[in-house]
Each structure stands twice: as C-alpha cells, then as structure tokens.
Amino acid sequence: MTDLDVTPTQQRTLEALRRQGAALRFDAGEIAELVAYATSEVAALSDRLDAHTLVVAKHDLSGILGCETHHVHRDPFDWSARNACGSVVHRAIQLQLNWRGDPLPVQLVDEAIDRLTAEDNSLAAWLNECSPADIADLRGFALDSVTRFMESFPPLQPEWTPVVEARVMWPAAGPIQFRGRVDLMLGRPSGTESRKVFVDVKTGARATAHALDLHYYALIETLSRLVPPRALASFYLDAAEAVVEDVTMPALHASLRRALAATERLIEVDVEGRTPTKQPGWSCRWCPVAEGCQEGQAWLAKLDVS
Ligand code: SF4
C-alpha cells in the first residue's frame with residue numbers, strides 16, 4: 001500500500017492493514033488436503049438432502065449452533081431503516097470509488113438510495129413503499145456510517161483493487177453451497193502469494209462472532225480459489241479502529257469443522273425433522289418463543305438482579 005496524505009486515524013488503519021512480515025505463501029499440499037476433506041464431507045452430507053438444496057450463510061451457522069429452537073422459530077426477514085443501512089453504506093462506498101472529485105458523504109448516500117430504489121429486488125420494493133420518516137431514518141443512519149468511514153478509513157486506491165460487497169461461494173454447483181458477502185475486499189493474489197485483505201465494516205462494539213464470520217469467508221475463498229486471503233479485518237466505525245488478524249491453516253480448519261457441524265445440524269433439524277434442542281443464552285432476549293420457554297425464562301430470570 002502506497003504512502004498517502006491521510007488523517008491520523010486513516011494512517012492507523014493503513015498501518016494495521018499493511019503486511020507486517022515476509023510474503024505469505026500457504027503450503028499447496030495443505031490447501032489441497034483441506035479442499036479434498038471439505039469436498040468429501042460435503043458430498044456425504046449432500047446424500048442426506050434428498051431433493052432439497054441448502055445454502056449456508058454466516059447467520060445460518062451462528063443460528064443453528066446457538067439455540068436450535070430459536071433458529072426454527074426465527075422471525076422472517078423484513079426490511080427496516082436499520083437493516084437497510086448496510087446496503088446503502090456499501091453502495092455509497094462503491095460510488096465513492098469512481099466518483100470524480102471529492103464527494104460529500106450526503107451526495108453519496110442520496111445517490112446510493114436513489115440507485116437502490118430503482119433496482120428490482122425486495123429492498124427496492126421496501127424503499128418504494130416506506131414512509132418519508134423511514135427514508136429520513138435510513139438517510140441519517142447511512143450518513144453517520146459513511147461519514148465515519150470516510151474520516152477514518154484511508155481513501156481507497158485503484159491499485160488496491162477494492163471490491164465492495166464481494167461475493168464468495170463454494171462449490172460452484174451442488175445441493176449444498178457455502179456462501180458469503182465480504183463488505184470490502186482489497187488486493188489480489190500474486191501467483192500463490194496471499195495478498196487479499198477481507199474487511200467487514202461494523203457499527204457497535206467488538207464481538208467474537210465478527211471474527212468467526214470473517215474466518216468463514218476466508219474458508220470459502222480458500223476452497224474456491226485455492227489461495228487464502230492474507231488477513232482479515234473488522235473495522236469498527238464508532239472506535240475508528242481495525243482489528244486485524246492473519247489467516248492461518250488452523251483457523252481455516254476450525255472454520256471448516258464449524259461449517260460442517262452446522263450444516264449437519266441444519267440437515268437434521270430442517271430436513272430430517274429432528275426435534276430442535278434448546279440452548280439458553282443472550283438470544284433468549286429477542287427470541288419470539290421466549291414467553292413460553294421454561295429454559296429461556298429461567299436464564300432471563302438470572303439476569304434480573306432487581
Ligand atoms: S427462549 Fe432461549 S432457550 Fe428458549 S427457545 Fe428461545 S433462545 Fe432457545
């Protein structure tokens with residue numbers, strides 16, 4: 001990454017994302033073993049799917065490996081100003097990449113909302129029907145995030161080959177597919193040298209789940225392209241701080257074991273009809289069946305110190 005005229009927080013981010021040591025090359029034999037193991041395990045799980053198909057996204061992993069009963073009764077997805085914010089922010093960052101001149105965050109956000117409204121998908125349908133107050137909320141949330149991003153993340157340079165909302169998928173076809181979408185992908189491999197950095201942009205505080213999500217994306221990238229990313233970063237907008245870790249073979253193996261365990265549970269519960277188990281925890285607080293769940297109520301009662 002080249003030297004740039006940057007603010008102190010942009011400089012800090014730049015330093016955190018820069019490669020610290022020697023060029024990173026993974027052992028081709030170890031990668032081949034990982035891919036072969038994943039291929040045989042996914043084939044064995046696919047045999048249990050009958051005519052079903054299964055797309056495994058990051059929220060499926062955390063959902064089924066948390067409380068299975070909550071996973072079964074999870075609320076259907078509905079768009080709101082809060083959850084549409086990420087799409088607007090990503091589109092605004094994408095626009096900034098090729099915008100001539102020095103755009104203001106508000107220009108990028110308004111243009112992003114206009115463009116998303118003109119598309120043909122469920123978000124566009126919601127944007128076309130939501131109230132002016134929802135649009136005002138959405139604009140406010142997105143403006144906050146885009147402003148913070150532009151202040152604290154170094155200006156994206158064309159030579160970094162940035163890709164916003166980069167999709168990763170493995171395998172290309174088959175009844176089971178691992179899929180993800182990386183907020184921001186920087187760099188590209190040079191031969192077998194790992195050079196990519198995956199960045200997820202986060203509001204709020206640091207959480208273990210953020211690293212697990214990035215490990216999953218790195219696993220899918222490795223299985224599909226055979227060259228792992230170099231590093232993974234959660235970029236926390238509120239703190240203007242990037243938490244970066246190098247990609248390692250043990251982390252890729254752990255992520256594969258987690259993905260396979262979750263996939264097996266998804267098949268057992270969603271396809272084969274096994275009774276879901278309960279695992280009380282923080283998700284009891286927003287679980288739609290909490291009122292009638294003894295285990296959940298007992299766990300929530302322990303939180304009530306009044
Ligand atoms: S209340 Fe808690 S334990 Fe009960 S189903 Fe919901 S998440 Fe699971």
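Phe-149, Phe-153 and Phe-235 form one aromatic cluster in this predicted model. The whole structure holds seven aromatic pairs, where rings of Phe, Tyr and Trp (its six-membered ring) pair if their centres lie within 6.5 Å, with planes under 30 degrees apart counted as stacked, over 60 as edge-to-face and the rest as tilted. Two of these pairs are tabulated below.

| Pair | Geometry | Centre to centre | Angle between planes |
|---|---|---|---|
| Phe-77 and Trp-79 | edge-to-face | 4.9 Å | 85 degrees |
| Phe-149 and Phe-235 | edge-to-face | 6.3 Å | 85 degrees |

The second pair links distant parts of the chain, with Phe-149 in helix α8 (residues 132–152) and Phe-235 in strand β7 (residues 231–236), 86 residues apart. Helices (H or I, at least four residues) and strands (E, at least two) are DSSP runs numbered from the N terminus.

Phe-149 is buried at 3%, and Phe-235 is buried at 0%. Phe-77 is exposed at 57%, whereas Trp-79 is partly exposed at 22%.

The charged end of Arg-82 sits over the ring of Phe-141, 3.8 Å from its centre; the criterion is NZ of Lys or CZ of Arg within 6 Å of the ring centre and within 35 degrees of the ring normal.

Trp-286 lies in the loop between α10 (249–271) and α11 (294–303) and is exposed, with a relative accessible area of 53%.

Residues are numbered from 1 along each chain as its sequence is written. Local features need pLDDT of at least 70, side-chain atom pairs count only at pLDDT 80 or more, and totals for chains, interfaces and linings use all residues, while side-chain values use heavy atoms, without hydrogens and water.

Terms used:
Buried < 20%, exposed > 50% of the residue type's maximum accessible area, 1.4 Å probe, protein only.
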